[in-house]
Amino acid sequence: MFFLSSAFSRRRSNAKPERCSELRRVIPIAGMSPEKLKLHIESLLQDENFEDAVAAIEQLNRLEPLSDAYRITQARCHAKLGRITEAREEFLSLALGRKITATQMLQVAKGLADLGCPDLSMRVCEWVIESDESHSQAYFDMGVYSAKAGEPLYLTEALTHRAIQLDPTNAKYRFGLIALLVQLGRDDEVAKHCPELEISQVDQICCVDCLKRVKAWAAKTGYQELAAACHEQLADLMSTPHTEGVLA
């Protein structure tokens, strides 16, 4: 199934200015205003300096209550630093409160999955759906996590179909279904769904495994244009650094 490349898993560029990173590590934060601290945190995240980012977020929390976005960011930093317990506790605290937005709930679900807890991610998605039965992304993500949790793939398929039903124009959902059908060896159904996916939409797909799977199937079965589009998107994902700061 799909997946977006994580904000906290960008590939490092060979041209990264290491000297600038070293300078940022010694910038004193004690006297910074909240506004300057937030800019500093963004800079640290761009540099993948997660340890100093956590320290800066803690300092921000001394000056003002942390927003849910910063709490999520802090948990993700803990995860990147291998502080699994701290990350999991913060993610669960946010989810159990059920006061954050649906988008943030799904960010928490993604964080829990990255910690190796897809069963908890499924539960978070269920809570989103309980609040909004029309939330297509929650169904799709739940399908992804159900597969990771070792549930039968027919559950993933059913959830993906539901997501498509709610949002028929979403290319990621359709590509996810195609990749799943390839995995299941149902070539006739793959061929049926391929015309529903515009080749130009392949550049929206960030799941490397899905792209590789569909590329191999398309090359084998004569869908050369689709195979070429998957190959190009894979090359772009491998070569382009991706950064993201505090999640909104």
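This is a tour of one predicted chain, stop by stop, with what to select at each.

Residues are numbered from 1 along the chain as its sequence is written. Because the model is predicted, local features need pLDDT of at least 70 and side-chain atom pairs count only at pLDDT 80 or more, while totals for chains, interfaces and linings use all residues; side-chain values use heavy atoms, with hydrogens and water left out.

**Whole chain**

Start with the cartoon. The chain has 13 helices and 0 strands; helices (H or I, at least four residues) and strands (E, at least two) are DSSP runs, numbered from the N terminus. Switch to a surface view: the accessible area is about 12300 Å², with 51% of it on carbon and sulfur atoms (Shrake-Rupley method, 1.4 Å probe; for residues, only the protein chains shown count as cover). Of the 248 residues, 47% are buried. Buried means under 20% relative accessible area, exposed over 50%, and partly exposed in between (1.4 Å probe, protein chains only). Contact means heavy atoms within 4.5 Å. Among contacts between residues at least 6 apart in sequence, 61% join residues at least 24 apart.

**The cores**

Select F91, V108, F175, V202, L211 and L226. These are the residues with the most contacts inside the largest nonpolar core, which has 55 residues. A nonpolar core is a set of buried Ala, Val, Leu, Ile, Met, Phe, Trp, Tyr and Cys residues joined through side-chain atoms within 4.5 Å. Helix α10 (residues 171-183) gives the most to this core, with 8 residues. Centre the view on F175: leaving out residues up to four places away in sequence, F175 touches L197, V202, I205, C210, L211, V214 and C230. Now select L37, L45, F50 and A53, which are among the 15 residues of a second, separate core. In soluble globular proteins, nonpolar side chains tend to be buried together.

**S121 in helix α7**

Go to S121, in helix α7. With a relative accessible area of 0%, S121 is buried. Beyond four places in sequence, S121 touches A109, L112, A113 and Y145. For a C-alpha distance, pick M105: S121 and M105 are 16 residues apart in sequence and 9.3 Å apart in space.

**H135 and S136**

Next select H135, in the loop between α7 (118-131) and α8. H135 is buried at 18% relative accessible area. Setting aside neighbours within four places in sequence, H135 contacts A102, L106, V128 and L166.

Step on to S136, in helix α8 (residues 136-148). S136 is buried at 12% relative accessibility. Outside four places in sequence, S136 is in contact with A163, L166, D167 and Y173. Show the side chains of S136 and Y173: a polar contact of 3.0 Å joins them. A polar contact is a pair of N or O atoms within 3.5 Å; within protein, one must be able to donate a hydrogen and the other to accept it, and residues adjacent in sequence count only if both atoms are side-chain atoms.

Move to E157, in helix α9 (residues 153-166). E157 is buried, with a relative accessible area of 12%. Apart from residues up to four places away in sequence, E157 touches L177, L180, L181, L184 and R186.

**Two positive phi values**

Most residues other than glycine have a negative phi. Two loop residues end the tour. Select E48, which has a positive phi of about 60°. E48 lies in the loop between α2 (34-46) and α3 (50-63), and is buried at 13% relative accessibility. Then select R98, where phi is positive and near 50°. R98 lies in the loop between α5 (84-97) and α6 (102-114). R98 is partly exposed, with a relative accessible area of 40%.
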